[in-house]
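Subject: Structure handover, pockets and aromatic contacts

Hello,

Here is the structure for you to look over. My notes on the pockets and the aromatic side chains follow below.

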Amino acid sequence: MYEELKPPSRLLMGPGPSNVHPRVLKAMATPLVGHLDPYFLEVLERTSDLLRMVFDTKNEFTIAISGTGSAGMEACLCSITEPGDEIIVGVKGTFGERMVDIVRRLGGKPIIVEQEPGKIIEPDQIKRALDESNAKAVAIVHAETSTGVLQPLDGIGDMVRKHGALFIVDTVTSLGGAPVNVDERKIDICYSGTQKCLNCPPGLSPLTISERAWTIIEERKTPITSWYLDVTMLKRYWGKERWYHHTAPVSMIYALYEALRIIEEEGLESRFEKHKVTGEAVRESMKALGLDLFAQEGYETPMLTSVKIPDGIDDRTFRKTLLTKHNLEIAGGLDVLKGKIWRIGHMGYGTQPAFVLPTLTAIEKTLRDLGRDIEPGTAASAALQVLEKL
Ligand SMILES: *Cc1c(COP(=O)(O)O)cnc(C)c1O
């Protein structure tokens, strides 16, 4: 006998998955229809419309890949990269490194533009790489979730276009939490994920591709190496033809549709403001606790705060206490940042004070239990002063 699932009710305040909106869970429990059912095809069409709204694009091809954010990353890179192609990749953390790995596996030649974790990539670095190479594309992460840094994107699209290259942007963590502006920023290919600021379970990767990128994809000399992630075939399912490629994950599409409806009701601008103010509140709260922030000042991601773990505090013990005593999940650092930083997410549904304030208070309490001298109420009080702006 195996027992029924009884997962604990956690506050998910890490880099994702974030807590799922109850309306999204409800949508997932509605009856399944066939993936070619006229009702479902209508839902797909509306989902594309809503995705165009959050991506801020008119791109006809705006879909959701069946797979998590990394599947979106792989779909983009494999649709563009042919053996020997030079692809400029901005690396300032784990997710930039993942792009490099994928480009190499595809037989492409990654041209790495690097910054130390916690810093942004300077547009000049990209300009130099473009001048010195024959790059087919520039790929960069908008919100680098491993460090909590928001990469400025303005102006890069123009540079990339001047060189006849394509601009690929990872907005897995930023979509729905900060302006992405696909068309205005001349982004040719942009992908995301559902479990961060969209507050869905993990499982889909929203993706949009410009007409300009399609021209390049259609001129490929070799077929796209992945069958499942071949966007030319996915285009035939999501387009008018409705050709069967693979069975769309119906309940996940329902979830995404409902999540996007919530964002539409709330309004993108109001949502961005909520993330911005909440980010500031969490940073002020951490400073009031005497912790140092990790991300370059002025470039912090509004949906994720990275802080340095103070000397004398053991990362594992600290986070285990949060989980077992407070039912709260925050994350540690990845790779070189393991044991060095904490990452506190405040994404979408998770920006509400009812989630943020207990999170900050639990962090404060745990620090105090470990011997730090902190006046009770410090963390929440610092945050509340900023949250008044909302
Ligand atoms: C989470 C994340 C990914 C990977 O998404 P998965 O859903 O874990 O596959 C890629 N890029 C960024 C910036 C992310 O934050």
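Is Tyr349 buried, partly exposed or exposed? Tyr349 counts as partly exposed because its relative accessibility is 23%; buried means under 20% relative accessible area, exposed over 50% and partly exposed in between, with a 1.4 Å probe and protein chains only.

On the source: this is a predicted model, in which local features need pLDDT of at least 70 and side-chain atom pairs count only at pLDDT 80 or more, while totals for chains, interfaces and linings use all residues. Residues are numbered from 1 along each chain as its sequence is written, and side-chain values use heavy atoms, with hydrogens and water left out.

Aromatic contacts

The structure holds five aromatic pairs (rings of Phe, Tyr and Trp, the last by its six-membered ring, with centres within 6.5 Å; planes under 30 degrees apart are stacked, over 60 edge-to-face, the rest tilted). One of them joins Tyr349 to Phe355, edge-to-face, at 5.2 Å centre to centre with 75° between the planes. Phe355 is buried, at 14% relative accessible area. In another pair, the rings of Tyr237 and Trp238 have centres 6.4 Å apart and planes at 85°, so this pair is edge-to-face as well. Tyr237 and Trp238 are both buried.

Two charges sit over rings (NZ of Lys or CZ of Arg within 6 Å of the ring centre and within 35 degrees of the ring normal): Lys235 over the face of Trp214, 3.9 Å from the ring centre, and Arg236 over the face of Trp243, at 4.0 Å.

Pockets

A pocket here is an open set of points on a 1 Å grid over the protein atoms alone, where a 1.4 Å probe fits, with protein on both sides within 12 Å along at least five of seven lines; lining residues have an atom within 4 Å of a point.

The largest pocket holds about 320 Å³ of space. Its lining has 18 residues, with Leu150, Lys276, Gly298, Glu300 and Pro302 closest to the centre. Domain 1 (20–265) and domain 2 (268–387) both contribute to this lining, so the largest pocket lies between them; the domain bounds come from an automatic or database assignment.

The second largest pocket holds about 280 Å³. Of its 14 lining residues, Arg52, Glu60, Trp238, Gly239 and Lys240 lie nearest the centre. Trp238 is thus named here and in the aromatic pair with Tyr237.

Regards

Methods. Points joined across faces, edges and corners; volume = space filled by probe spheres on them.
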